[in-house]
Amino acid sequence: MSVELHTRQVGDVTVIDAKGRITLGEGSSDFRDTIKGLVAKGQKNVLVNLAEINYIDSSGIGEMVSGFTTVANAGGKLKLLSLTKRIQDLLQITKLYTVFEVYDDEAAGLASFQK
Amino acid sequence: MSAGDQSPKLVTDLVLASSLDSVDTAENRAVAAAERAGLPEEDVFRFGYAVREAMVNAVVHGNRYNANKTVAFRIWESATSIEVMIKDQGDGFNAASLADPLAEENLLCQSGRGLTLIRAFVDELRVMPADGGGTAAILRKNVKAGTTAPPKVSE
């Protein structure tokens, strides 16, 4: 299975519930297209829920970084929610935990956009 | 394979197309080898992940999806280690010339993290020019059943 991405609006924050694998090919491009679509519609507060993502390869990690940059360049923020242990390890190895704001709790993640 | 058998045995010897299907094949073969060796679940995942990244390098950056080029894929197993060799037919590259993806100024780059992740998940990675052109990557995972060491994180 590749990736399933479902978006929902909570106030002025768009939550992307992601499920499956974000890898080179379809998964990465789906993620990129979703982020670009949100920014094009002016939705600049993005919380990516990775609770049901079981695999991200380096290409998928690159797309997350690209998404972070795309949203930031539009004046918004892309933050991460509910990382599995494996994805935490990947962010640790690549030092991207210094780039992304990460939340374990959705309410806290949503509230962080109001600060 | 007996516990005292230290000599590596070639268990997989494939010539794969330059495609993403081949990436899946390589990962699946590596995972199967790691499971046969009795590695803990997390090490099985990490070894498969590393082999997948190395195979992506061969298919995408080495052979550039060229249908006329192939990737040689071999696995050796012994009582003490699993070794995978992935050899492409690309133009070759100098690993030392790659930008450090962990440097502050490169953290927002979209690509360049593959080798860092591979190194974190295997005990040894060797990348060298291949005979006849292209690049060969050899990944070694030590077999110590029952324990999972944390991934190696650069300081």
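**Ground rules.** I number residues from 1 along each chain as its sequence is written, with chains lettered from A and ligands numbered from 1 in the order in which they are written. In this predicted model local features need pLDDT of at least 70, side-chain atom pairs count only at pLDDT 80 or more, and totals for chains, interfaces and linings use all residues.

**Chain A, overall.** I looked up the secondary structure and got 4 helices and 5 strands. Helices (H or I, at least four residues) and strands (E, at least two) are DSSP runs, numbered from the N terminus. The order in chain A is β-β-α-β-α-β-α-β-α from the N terminus on. Chain A has a radius of gyration of 13 Å, close to the 13 Å of the globule rule for 115 residues, so it is as compact as a globular protein of that length. That radius is taken over C-alpha atoms, and the rule is 2.2 Å times the number of residues to the power 0.38. The C-alpha atoms fill a box of roughly 30 × 25 × 20 Å along the principal axes. I find 43% of the 115 residues buried. Buried means 20 or more other C-beta atoms within 10 Å of a residue's own, exposed 12 or fewer, partly exposed in between, with C-beta atoms placed from the backbone.

**Chain A, helices 1 and 2.** I checked helix 1 (residues 26-40) against helix 2 (residues 58-73) in chain A: the angle is about 10° and the axes are 9 Å apart. That makes the two helices of chain A roughly parallel (under 35 degrees; over 145 is roughly antiparallel, 65 to 115 roughly perpendicular, the rest oblique). Axes are lines fitted to C-alpha atoms, for helices over the stretch in contact, and angles run from 0 to 180 degrees between N-to-C directions. Their contact has 4 nonpolar, 7 polar and 3 charged residues. Ala, Val, Leu, Ile, Met, Phe, Trp, Tyr, Cys and Pro count as nonpolar, Asp, Glu, Lys and Arg as charged, and the others, Gly among them, as polar.

**Chain B, overall.** I counted 3 helices and 5 strands here. They run β-α-α-β-β-α-β-β from the N terminus on. The radius of gyration of chain B is 15 Å, close to the 15 Å that the rule gives for 155 residues, so chain B is as compact as a globular protein of that length. The C-alpha trace spans about 45 × 40 × 25 Å along its principal axes. Of the 155 residues, 37% count as buried.

**Chain B, helices 1 and 2.** The axes of helix 1 (residues 20-36) and helix 2 of chain B come within 8 Å and cross at roughly 150°. That makes these helices of chain B roughly antiparallel. I noted 11 nonpolar, 2 polar and 4 charged residues in their contact.

**Phe73(B).** I found Phe73(B) in strand 2 (residues 70-77) of chain B. Phe73(B) counts as buried, with 23 C-beta neighbours inside 10 Å. Beyond four places in sequence, its contacts are Thr12(B), Leu14(B), Leu16(B), Ala26(B) and Ile86(B). Contact means C-beta atoms, placed from the backbone, within 7 Å.

**A against B.** I looked at where the chains meet: 18 residues of chain B are in contact with 18 residues of chain A. Helix 2 (41-62) and helix 3 (114-121) of chain B each supply at least two residues of the chain B side. That side has 11 nonpolar, 4 polar and 3 charged residues.

Notes: Two residues are in contact if their C-beta atoms, placed from the backbone, lie within 7 Å.
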